[in-house]
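Have the sequence and the 3D view open as you read.

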Amino acid sequence: VVASTLSSRIAPLATGLLHLDALNPPLRRLSAALKIEVKATPKRVLQAELPKHGAEDAGGDVAPSEAPGEKAKGLVAQLKDLDVDAYEDVMGKVAAFHLPVISP
């Protein structure tokens with residue numbers, strides 16, 4: 001009941017603010033910030049999940065076990081090194097993030 005009352009009062013206000021172009025700049029900034037966050041999250045999820053499955057840490061430029069001058073493996077190379085079950089688990093966690101974002 002409270003949500004429907006709140007919605008019925010906010011909808012005309014928001015519509016009026018949109019017509020006055022008062023909400024457009026903040027909504028554009030929010031949209032841009034959300035796009036940046038959504039694009040960056042899969043990489044963070046991969047970086048967090050790959051070490052749990054025995055992959056080398058991709059967080060730094062040089063892995064501690066490697067000789068100086070050698071680069072750490074990239075995320076794609078680490079994904080290729082995973083066995084099928086680990087790959088499905090890692091990619092399932094990435095998809096679990098994206099499903100709520102893309103579903104209506």
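Does Lys 93 count as buried, partly exposed or exposed? At 35% relative accessibility, Lys 93 counts as partly exposed; here buried means under 20% relative accessible area, exposed over 50%, and partly exposed in between, with a 1.4 Å probe and protein chains only.

## Ground rules

This is a predicted model, so to speak of a local feature takes pLDDT of at least 70, side-chain atom pairs count only at pLDDT 80 or more, and totals for chains, interfaces and linings use all residues. Residues are numbered from 1 along each chain as its sequence is written, and side-chain values use heavy atoms, with hydrogens and water left out.

## The core

Start with the inside. The largest nonpolar core has nine residues: Val 45, Leu 46, Leu 50, Leu 75, Leu 79, Leu 82, Ala 86, Val 90 and Val 94. Such a core is a set of buried Ala, Val, Leu, Ile, Met, Phe, Trp, Tyr and Cys residues joined through side-chain atoms within 4.5 Å. Two or more residues each come from helix 2 (24-49), helix 3 (75-81) and helix 4 (84-102), and helix 4 gives the most, with three. Helices here are DSSP runs (H or I, at least four residues), numbered from the N terminus.

Ala 86, Val 90 and Val 94 are the buried residues of helix 4, and what covers them includes helix 2 and helix 3. The length checks out too: the 19 residues of helix 4 should span 27 Å at 1.5 Å a residue, and its end C-alpha atoms sit 26 Å apart, which agrees. (The expected span is 1.5 Å times one less than the number of residues.)

Met 91 is also in helix 4, but it counts as partly exposed at 31% relative accessibility. Setting aside neighbours within four places in sequence, Met 91 is in contact (heavy atoms within 4.5 Å) with Leu 46 and Leu 79. Met 91 and Glu 49 are 42 residues apart in sequence, with their C-alpha atoms 9.3 Å apart in space.

## Salt bridges

The count comes to four salt bridges, each a side-chain nitrogen of Lys or Arg within 4 Å of a carboxyl oxygen of Asp or Glu. One of them pairs Arg 44 with Glu 37, with the closest N and O atoms 2.4 Å apart. Arg 44 is partly exposed at 41% relative accessibility, and Glu 37 is partly exposed at 41% as well.

Glu 49, Lys 52, Asp 89 and Lys 93 are linked in a salt-bridge network. Within it, Lys 52 bridges to Glu 49 at 3.2 Å between the closest N and O atoms. Lys 52 is exposed, at 62% relative accessible area, while Glu 49 is buried at 8%. Asp 89 bridges to Lys 93 at 3.5 Å between the closest N and O atoms; both lie in helix 4, four residues apart, about one turn of the helix.

## Helix 1 and what follows

Leu 18 is in helix 1 (residues 2-19) and is partly exposed, with a relative accessible area of 38%. Leu 18, Leu 27, Leu 30 and Leu 34 make a nonpolar surface patch of about 360 Å², to which helix 2 gives the most, with three residues.

Asp 21 lies in the loop between helix 1 and helix 2. Its phi is near 65 degrees, a positive value in a residue other than glycine. Asp 21 is partly exposed, at 43% relative accessible area.

Notes: Patch = residues over 30% accessible without salt bridge, like charges linked within 9 Å, V, L, I, M, F, W, Y side chains within 5 Å. Areas by Shrake-Rupley, 256 points an atom, 1.4 Å probe, with all protein chains shown as cover.
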